[in-house]
Amino acid sequence: MTSTADTAPARRVPRPRADALRNRERIVTAAREMFVEFGSQVPYDEVARRAGVGNATLYRNFPERADLVHEVVLSLMARVAEIAERAAEEEDDTFAALRRFTHGAADERVGALCPMLDGAFDKDHPDLVAERARLEEVVQGLVERAQAAGRLRTDVGVGDLMVAISQLTRPLPGSGCGAFDQFVHRHLQLFLDGLETPARSELPGKAATLEDLRRDSCSS
């Protein structure tokens, strides 16, 4: 005999309202901007003011600072992965796709943001691991396709590209992010010119892989 509990329909979890989703998105966007400008310890009140929401709304969505940092990191990786995916899909020239991704990632202030995110969040959270894998896979594909087409020198790896994006988009000590922005795309283009074939020099060392970056990050 089937019990009432067995036949009862599963209770539906209500979907967040559209305005609640918009508020959450505004908070994450404001936090990402302010982390770049002031660091991840910026007061919650200031984040709420920039987002145009009340403090209660901010705390309801992100009761702990680690929750907000987690969401900013997740959002950043997702946005950069989407830039890479669009570049791969829409550019016929493999090096043009790589160039578009590089400049697009710079526009997300990757180098300025990453050093300002402290360790007070779970870097191995399943959401972050999945988004990181997505990003790494698509960027690896951009590099491999450009190399297979003879457009990208073969003595560089995807790790070289990611390190360069991070370093060349990071403001110099004592300089404001806004003042530094005028140089970013100029210097990235100089770097990209050095990646095209034919290579004009022999690079010291070996090509950096994503595994190299993960190992160095863990040991630091």
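The largest nonpolar core holds 51 residues, and L68 and F101 touch the most other members. This is a predicted model. Helix 5 is the top contributor, giving the core twelve residues, the most of any element. Other elements that give two or more residues include helix 2, helix 8 and those in the table.

| Element giving two or more core residues | Residue range |
|---|---|
| Helix 3 | residues 44-51 |
| Helix 6 | residues 94-107 |
| Helix 7 | residues 110-113 |
| Helix 9 | residues 158-168 |
| Helix 10 | residues 177-195 |

**Helix 2 against helix 5**

Helix 2 spans residues 18-38, and helix 5 spans residues 65-90. They pack at an angle of about 90°, with axes 9 Å apart. Angles of 65 to 115 degrees count as roughly perpendicular, so helix 2 is roughly perpendicular to helix 5. On the helix 2 side, R24, I27, V28, A31, R32 and F35 make the contact. Helix 5 answers with L68, V69, E71, V72, S75 and R79. By type, the contact residues are seven nonpolar, one polar and four charged.

**Helix 8**

Just after the helix, G150 takes a positive phi of about 75°.

How values were computed: Residues are numbered from 1 along each chain as its sequence is written. This is a predicted model: local features need pLDDT of at least 70, side-chain atom pairs count only at pLDDT 80 or more; totals for chains, interfaces and linings use all residues. Side-chain values use heavy atoms; hydrogens and water are left out. Axes are lines fitted to C-alpha atoms, for helices over the stretch in contact, and angles run from 0 to 180 degrees between N-to-C directions. Helices (H or I, at least four residues) and strands (E, at least two) are DSSP runs, numbered from the N terminus. Angles under 35 degrees count as roughly parallel, over 145 as roughly antiparallel, 65 to 115 as roughly perpendicular and the rest as oblique. Contact means heavy atoms within 4.5 Å. Ala, Val, Leu, Ile, Met, Phe, Trp, Tyr, Cys and Pro count as nonpolar, Asp, Glu, Lys and Arg as charged, and the others, Gly among them, as polar. A nonpolar core is a set of buried Ala, Val, Leu, Ile, Met, Phe, Trp, Tyr and Cys residues joined through side-chain atoms within 4.5 Å. Buried means under 20% relative accessible area, exposed over 50%, partly exposed in between (1.4 Å probe, protein chains only).
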